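Please open the model in your viewer and keep the selection tool ready. The tour goes stop by stop, with something to select at each one.

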There are 2 protein chains.
Amino acid sequence: MGKKALYVYRFGGGKADGNAKLRDLLGGKGANLAEMASLGIPVPPGFTMTTEVCRHYQHNNGSYPEELAAQVDEGLRGIEKQVGRKFGDPRSPLLLSIRSGAASSMPGMMDTILNLGLNDETVEGLIRETGDQRFSFDNYRRFIQMYGDVVLGVHSEHFEEQIRVIKTKRGITLDTELTAEDLQQLVQAFKAVVGEKGATFPQEPREQLWGAIGAVFGSWNGDRAVEYRRIANIPDDLGTACNVQAMVFGNRGEHSATGVAFTRDPATGANCFFGEYLMNAQGEDVVAGIRTPQPINRASAAALGMSATHQMETLEELLPACYTELDQIRHTLEKHYRDMQDVEFTIESGKLWMLQTRAAKRTAAAAVKAAVDFVEEGLISQEEAIQRVKSEQIEQLLHHTFDPNAKQATPPMAKGLAASPGAAVGKVVFTADDAVAWCERGEPVILVRHETSPEDIHGMNVAQGILTACGGVTSHAAVVARGMGKPCVAGCHGIAIDLAKKTAHAGAVTVREGEWLSIDGATGEVFATRLPLQPPVMTAAFQRIMEWADLFRKLGVRTNAETARDVQVALEFGAEGIGLARTEHMFFEPGRIEIVREMILAESLEARKKALAKLLPMQKGDFRKILALMDGRPVTIRLLDPPLHEFLPHTDDEVAEVASVSGIAPHKIREITKALHEQNPMLGHRGCRLGVTFPEIYAMQAQAMLEAASELQQEEDIESDLEIEIPLVGHVNELRKLRSVVEHVAAEVMKQTGATVKYTVGAMLELPRACLITDQLAKYADFFSFGTNDLTQTTMGVSRDDAGRFLNPYIEEKIVTRDPFATIDESGVGRLMGLAVESGKKAKKTLLFGICGEHGGDPQSIDFCHRLGLDYVSCSPYRVPVARLAAAHAALRHR
Amino acid sequence: MGKKALYVYRFGGGKADGNAKLRDLLGGKGANLAEMASLGIPVPPGFTMTTEVCRHYQHNNGSYPEELAAQVDEGLRGIEKQVGRKFGDPRSPLLLSIRSGAASSMPGMMDTILNLGLNDETVEGLIRETGDQRFSFDNYRRFIQMYGDVVLGVHSEHFEEQIRVIKTKRGITLDTELTAEDLQQLVQAFKAVVGEKGATFPQEPREQLWGAIGAVFGSWNGDRAVEYRRIANIPDDLGTACNVQAMVFGNRGEHSATGVAFTRDPATGANCFFGEYLMNAQGEDVVAGIRTPQPINRASAAALGMSATHQMETLEELLPACYTELDQIRHTLEKHYRDMQDVEFTIESGKLWMLQTRAAKRTAAAAVKAAVDFVEEGLISQEEAIQRVKSEQIEQLLHHTFDPNAKQATPPMAKGLAASPGAAVGKVVFTADDAVAWCERGEPVILVRHETSPEDIHGMNVAQGILTACGGVTSHAAVVARGMGKPCVAGCHGIAIDLAKKTAHAGAVTVREGEWLSIDGATGEVFATRLPLQPPVMTAAFQRIMEWADLFRKLGVRTNAETARDVQVALEFGAEGIGLARTEHMFFEPGRIEIVREMILAESLEARKKALAKLLPMQKGDFRKILALMDGRPVTIRLLDPPLHEFLPHTDDEVAEVASVSGIAPHKIREITKALHEQNPMLGHRGCRLGVTFPEIYAMQAQAMLEAASELQQEEDIESDLEIEIPLVGHVNELRKLRSVVEHVAAEVMKQTGATVKYTVGAMLELPRACLITDQLAKYADFFSFGTNDLTQTTMGVSRDDAGRFLNPYIEEKIVTRDPFATIDESGVGRLMGLAVESGKKAKKTLLFGICGEHGGDPQSIDFCHRLGLDYVSCSPYRVPVARLAAAHAALRHR
C-alpha cells in the first residue's frame, strides 16, 4: 500500500521492468518480451498491462484502476522516445500493435490489432515517411477492419463484402491487384460500413488505444474463452495481460521479411537451427497460405525433405547479417532459457526484431533427444531433463504412429477409447478364426469384435490391432492388447457390427471384410482407409533418459506378464520383477483348456484331483520358464482367480470334446454349466473363494511353483524369489486358511526335493473390505498388491464390462472427468488404498505394498502410488518405460 | 498376596462364604447355592472350589494350589459338623455329591458323582443307619459305576454288561427286581471290572474325593467341552468350579421325593407355581423316564392340560408341609432374584432340601408377561423389564409357530435359511400361477421355487409361505416375504426341484404338487407333513413392553413399505415414518408393467415421455395413498433403482403384449432387450445412473410425489414430509445434477398448484465410494440412508444372488461366523459407515442419517447403528417391534 501499484511494465532498448518469472502477472508473451529486452535482444519497444488490470476490469464493471491512465501515458512516452516517433503525430506517427497474452496460451481471446494509431491524418504522414501510398492505405484499411470487428462488433463479413464489390467493379480477383486508389476507397467504404452498423470508427489514436485495451480485457470473458477455461480447468480469475508495442513491418520491401524458427529441430530434437520465412511479408501472409515460406537455412531445407539441388532462397543467403544475428539470438535464448525455443521474428528494412519466444512444442523423440543433449551441453541437470520428458510421450516412442500429415488429412470414421497405444493398419476381419486364416495368407488384419473373450486370443495374437465396439479400457481386449503391446481401440460405440454380413458401419461409412482399416490406439481414432505408418524410435537418448529416471525414482517397477515373450519384452524395457503373473491365462492354451474343463466338471474330489494331476506338469513347466528368465528377481504369481464358468465349454463341439476327455455325458456337462451360471460373476464364486471351496486347486498350483523353483535351483543353479498371491481376499480367515494350504504344500515339496526355496505369501487387495482390514490380514501376509481394476469396480459399483452404456455419457456430461479405470479415483479408491497402507504398515512394518491393476502404468496414478509410499508399481510390458519415467517424475515432484 | 488365597467357599446352615455375584469364581450352581444358604433356604451343606483352582490345574499340569488341601479339609469338617456325620466314618458315614459348574451352563463337562464316600466299610454303616440293605448296596454299586466311568475311564457299558449277566442268571428283566443280595454281588462284580481294565477302585474316601475333583477339573478340557466353547465363543480360560455337597436322598421312602419347579408358568408367564415331582425317587429316575412325574399342585395340573377330574397325587396334597415350605421358598427366591426361577428340590424323610436355583428358561410370551408383571409387582424397573425380553423373542410373538411337541416329534426333510420368520403349512405348488389357481379353490399353498422374481409376486401374495432352493436371506423371495410378513425358507440347497414333474425331493423324501408341506421361517426347517399351528400372541404385556422400549431408545424406527397394507401394518406396530418406499415395486402391478416396458423400449425422448405421462397419474395415486396414511410423518421415497432390463418382457406373450401397447415390432423389442443385457447387472446401468442418462424418468417421479403432496394439502388438509432419495450415488456430480432435476420439478409444481410442500433431497449410501465422499455429497444432501444390502455386496464383493454357492460353506467352515447380509459386518461395511457418518456430520451438522437395508431389523446391527449415532433404522413392517426393542436395548446397554 505504501508503494504505488505498478500496472504497466515497460520493455525495450536493452531494459525492462519485468522478467520471465512474472508470467502470472505479465502473461507468457509479455514476460518473455521483457526477458528478451533485458538480454539486449532487439524487441520492438512497448509495455505490458498486467493481469491485475484485467481482474480489476472484470470485477469493476469494465473500469480501470485509477493509476492506469498515467502509467500508460508514461509507457507510450517511453516507446516514442525509443523509436523517435509520436503517437498521433501526423508528421512521424507511432503505430502500435495490441496483443492479449495470458499465463498459458488460450484460444478464444482477442489476438492482435495491428497498425493502431492510423487515422485520416497519420496515414498521410506514413505515406510521406515511407513514400509508399499503397502500403499505407493497405495498413489503414486492415486496421479499420480489425478494429471494427474486434472492438466495435462489426462482423468481418461486412468488410469482406466491400472488398468483393470493389473487385467486381474493377474486374479483378486478387487482393494484390488492388491499387493504392482502390485501397483508399476501401478505407472510406469501411468507415461507412462501421457507421451503418451504428458505430463510429474513432479518429483519435488514444480513443483507439483504449478501445483496443478494453477489447483485450473484455475478451477474457468471451464465450469461447470461458468454455476453453472450463475444459482446460483454468481458473477464471487468472486474467490476461495486454501487450502494447511499436509496430515493425516485414513488408517494407526487399530487405524486409517475417518468419518463425525453432532453436532445434522440433521433429527430431537434433541440434540444428530450423525455421521458415517469407520475404517482404507480414505474419498474416504466412497464415493466409498465399505464398509458400522458404527454409531459413540449408539444414532446415534438409529437415523439410528438400534436396540440396532444390531451388531455394534461404535467409542465410539472402540476408546473411540478419541471419547471423538471428542465429546468435538462438544461442543466447537457449543458453538463457535452458530449453528449446520457438521464436517469431520480423526484419524491417534490414533490421531484425524479435516478436516472441516461448518453449518449443516438440515431438516425443525431439523432447527426449533435446533433454539429453541439454544435459550433455551442461545447460540442465539430469533431474530437469527427466522432468522435461512427459511420460505419455515415452509411450509414443515404443509404438508405430501414423504419418501426421496423412492422418491430419483423413477424417476418422469413428472414435473409441484409446485402449492400447500404437497405430495399426490391416484388413478387416470379424472373427478370430478369420484373423488366423487371413494371416496365413500373408494378409495383415485388424480384428473387429463386439468384445473379445479368452477364446479370441489366437486371433488377437496374429492381428495388427484390435477394435471392439463394447468394453472399456480395462476390458478383455484392452488388457490383453496392452499385454501384447498391440494397438487397440475399445468401446467404439459409434460402430455397428453385423456379424452375419461381415460389415461394420459408422454413420454412412461401411467397411466390409477385407477392406483396409487404420486404428490409432493412442487416440482412439478409427479410419476407413490405409494410413501410412511410421516406425517407433528407440534411440540412445531414450536409453539415457530411462537410466537417469532410475537414479531418482523411489518406486520399483515390475511388469504384469506370464508368457515368455512378454517377460522378455518387459526385461528389455527394464522391469525389475513380475508384479502379476496370472495363472489362468495359461489355462486357455490349446491342449489345456480341455483338462481345465475336466477339472471344473469333476463331480468328486477324486475326479478333480485326477484332472489336476494332469495340469500339474504343464503349470510347472510354465512357472519354470518364467522363473528362469527372471533369474532371482521377485515374481508374484497369482493363484486361480476367475469364475470357473469362464472356462466352460459353450459350443456343441466343445461340449463333445470335453465329454470325450472326461467321460462325462454331454447332457450332464450342460447341466453343470447351467448350474455354474451366475447373476453377477464379478461378485461371485471366484478368486480365493475357489481356493476355499476347492483347496486342491490351489494346492496343485503351489506345488507346481515350488517344484519349478526347486528344479531350477538343483538343475540350473538358478535361485527364485517367489511371491504367491491369493486373489480376492475379503476376510482374514480366507487368507489364514489358504496360507496354510500353501505352507503345507511348500513344506512337503522342500522335504521331498531337499531344496530350500525362498517364497512369501500375500494377498491381492481388490475388495473394499480387504483394504479396510489390512491390520487383520497383516498377520498372514508378507505382501499386498492392490488390484485396482476390481477395486475400482467394487468401490464405485461399476462393472467395467457394462460401464460403456453410462460411463461414456458420464465423461461427456462431465459427471466424471476421467475414466476411473484408466486413472485412479483418488477420493474413493485412493482413499481406501490409503487406509489400507496405513493400517497394514502399522500392524507390520515389513509389509511390501505394490499395485498390479491397469493403473500401474498410468503416470497420474503412479504419482499417487508414490505419494502413498507403495514399494512398486506393476504394469504391462510396454508400459514399463512409462512407469519408470513417471515414477521418477513423482519422486522429483514431491521431493 | 498379603491375604491368603481363598479357594474353597463354604455354604450351609444359613451362612455362606460366597454369593450370587461371584458367578465367575463359583460357577452358576455354586454361586446360587451360596446365595440360597445365606437366605436361610435349606441347602445340603457343602463347599465350592473356585474356577481359579481349575485354571491352576490347567496351567500346572494337573496340580493344585498348595493351600487347597487344607481348605478342602476345613470345608469337609464344616459339612461333618452340620450333618453330624463323618467322612469315611463307618459308624455314621458322610456321603457326598460332586458336581462341576461353570459360569454358563456348558454341555460336555463332567456332570455329577453321587454317593461318594461309600466303600466296603461305610456301606455297612449306611445299612446300620438306614436299616435298608438294598438301598445301601444300590447306592454303592451306582457309585462304583459312576466313579469307574468318569474318574477311572472304565466305560459304563462294561458295568451294564454285568447287570445283564446277573439279570439273565436270575431270570429277571427290571432293575427294580434286583434284590439286596444281587446288588451286593454287583458291587463285587463292578470292582472286578475296574480291576480287569487295569484300574483300581479306591476304598479310601479321601482318595475317592480327590479323584472326583480331578475329573471335574480335567473335564474342562474334554473334547466335547472344548468344541462347545469354540462354537459358543466361550473363552478357554474361564474354567469350571467344583461343588462338593452332603448327599440327600429322595428315595428314602414314603416321605421322600424329588422334583423340579418353576416359580411361574414357563409357557405363559402366568404368576402361578408350576412343577413336577416323583415320590420316593432320585433325580436320575425322572431323567430315565421309567415313572411319570406328577404335578406339584392343581395349577400345574391345569397348565399340563390335565382335567380337574384327572387321577393325581399332588405334592400339595401328599406332603402339605413340604409344599408350603417350597411355596414360601418360591416367593423368597423371586423376591430375592427379582426373576423367574427354575429350581430342583429333594425331600428326604419329610425334610425339604433345595439343590439348585437358576433363572428359568421361558417362552417369548412368558418372558414378556413375567417382565411386565415383575414391574407391576415393584420388583424390577422398566429398564430391567425391557432388557429381560430378547428382541428375537418379540418376533416370535408376531407370527404363527408350530406346536412344539408335534415339531419335536417330526424330523425335517431339509433345512434352509431362516429368511422370514413364522410357521406356515400348505400344499405344495411350483409356480405362481398354480399358487393363485389352488388358492382360488380355497387351498392353502406353499410356493416352492428355485428362486422368485418380481413376476412371482401374485403367487407369493396368496401363498401361506415361500420356499426357495437358491438365494440368501436378502434374496428376492426373502425380502418380499419379510415385507409381507410371510414365512419364508430360502436357499434350501438340500432340495432338488423338478419343475417338469412338479416334484421336490431331498434325499429319499419326495414331495409332489398338492402334498402337504410345513416350513418354519424362524429356523429354516422344512417338514414333509402338515404340522399343527399355534396362533401369534399379541398381549397387553407386549404392548406395554413396546411402550417402555420407546421411552428409552434413541434411534427412530421407520419401516420399509410401499403398499397401503404394509404401511398400515407398520403403523400398527409403531413405525414412526417410512425409511424406504421403493417406487419400482409399484411398477410391477398388472396394467402398469406394460407401460413401464413401453417407457424402457422407447427409442426417442418423445416416445419415452409419452409413456411416462401415462405412468404419472398412477404413481401419483400410489404416493397420495401412502402420504395420506402417514399423515405428516416423514416418508422417504426412492427414485427408480433397478436395472431397466428387470422390467423387460421375456416370454413371447409378454413381447406380443408390449408390441401391441407400444407399437414397436416384436423383433425390435427382442433386439433392445438383448442390447440391455448386462454381465453384472448389480454393477451396471441402474440407480441414479438411470436418472443421469434418462432424467425425464426421475422428473416424472418427482412430479408425481410433489403433486400428490400438493393435492393432499389442498384437498384433505394433510401435510406431508417428503424425503426424495437418489439411489446408488457414487459421485458428487450425480447428486448435484439430480438434485437440481428434483428442485426444478418441485418449483414448477408449487408454482402451478400454489401449494407449499415440505420436501428434502438425499442420497442412498450403498456404494463404498459414496461412504468415502460424504463430505462432498453433504453439499447437495439433506439426508443419507445406508443401503446396507448393496453396500455389503460391493464392500465384500459378494453378489447375494450367487453367494449361496460359497457363503454357506463359508459359514459352515467358520470362515465367516455370521451371514453378512443378516448382520452388519462391522469391520468392513461398518467401518465404511463410520467413515461416512464422521465426514458427513463434519461437513454438515444437520444431516439426517438412517439405514434402510435388511440390517435395519437385525438387533445386533441395530446396536451398531446406535453406536454409530444414526438417527433412525428402517425395517420391514413385521420387524418394527423388534427394532423398537433392540433400539431400547442398545440405548440401555451403552448408557
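**Stop 1: a buried lysine and its partners**

Select Lys620(A), which counts as buried at 18% relative accessibility. Buried means under 20% relative accessible area, exposed means over 50%, and partly exposed is in between, with a 1.4 Å probe and protein chains only.

A word on what you are looking at: this is a predicted model, in which local features need pLDDT of at least 70 and side-chain atom pairs count only at pLDDT 80 or more, while totals for chains, interfaces and linings use all residues. Residues are numbered from 1 along each chain as its sequence is written, chains are lettered from A and ligands numbered from 1 in the order in which they are written, and side-chain values use heavy atoms, with hydrogens and water left out.

Lys620(A) lies in helix H24 (residues 605–630) and Glu711(A) in helix H28 (residues 695–716) of chain A, so the pair ties together parts that are 91 residues apart in sequence. A salt bridge here is a side-chain nitrogen of Lys or Arg within 4 Å of a carboxyl oxygen of Asp or Glu. Helices (H or I, at least four residues) and strands (E, at least two) are DSSP runs, numbered from the N terminus.

Which residues belong to the network of salt bridges around Lys620(A)? Select Arg624(A), Glu707(A), Glu715(A) and Glu716(A) as well; together with Lys620(A) and Glu711(A), they are linked in that network.

**Stop 2**

Select Asp717(A), in the loop between H28 and strand E28 (721–726) of chain A. Asp717(A) is not a glycine, yet it has a positive phi of about 60°. Is this residue buried or exposed? At 65% relative accessibility, Asp717(A) counts as exposed.

**Stop 3: a helix and a strand of chain A**

Select Glu74(A) and Arg10(A). A salt bridge joins their side chains, with 3.7 Å from N to O. Glu74(A) lies in helix H3 (residues 68–83) of chain A and Arg10(A) in strand E1 (residues 8–12) of chain A, so the pair ties together parts that are 64 residues apart in sequence. Glu74(A) is partly exposed, with a relative accessible area of 39%. Arg10(A) is partly exposed too, at 35%.

**Stop 4: inside a strand**

Go to Gln356(A), in strand E11 (residues 351–359) of chain A. Gln356(A) is buried, with a relative accessible area of 10%. What is Gln356(A) in contact with, leaving aside its neighbours within four places in sequence? Select Lys29(A), Met36(A), Asp342(A), Val343(A) and Glu344(A) to show these contacts. Contact means heavy atoms within 4.5 Å.

**Stop 5: chain A as a whole**

Zoom out and select chain A. Its C-alpha atoms fill a box of roughly 110 × 65 × 55 Å, taken along the principal axes. Colour by secondary structure to see 36 helices and 32 strands. Chain A has 895 residues, and 59% of them count as buried. Among the contacts in chain A with a separation of 6 or more, 68% come from residues 24 or more positions apart.

**Stop 6: where the chains meet**

Show chain B beside chain A. The contact takes 49 residues from chain B and 49 residues from chain A. The size of an interface is often given as the accessible area lost when the parts come together. Chain B and chain A bury about 4,400 Å² between them, with 54% of it on carbon and sulfur atoms. Buried area is the accessible area (1.4 Å probe) that two parts lose on being put together, summed over both.

How many salt bridges does the rule find across the interface of chain B and chain A? There are four. Next, select Arg769(A) and Asp825(B), whose side chains meet in a salt bridge at 2.5 Å, N to O.

**Stop 7: two places in chain B**

Select Glu576(B) and Arg553(B), whose side chains meet in a salt bridge of 3.0 Å, N to O. Glu576(B) is partly exposed, with a relative accessible area of 34%, whereas Arg553(B) counts as buried at 10% relative accessibility.

Finish at Asn61(B), in the loop between helix H2 (51–59) and helix H3 (68–83) of chain B. Asn61(B) has a positive phi of about 60° although it is not a glycine, and it counts as exposed at 79% relative accessibility.
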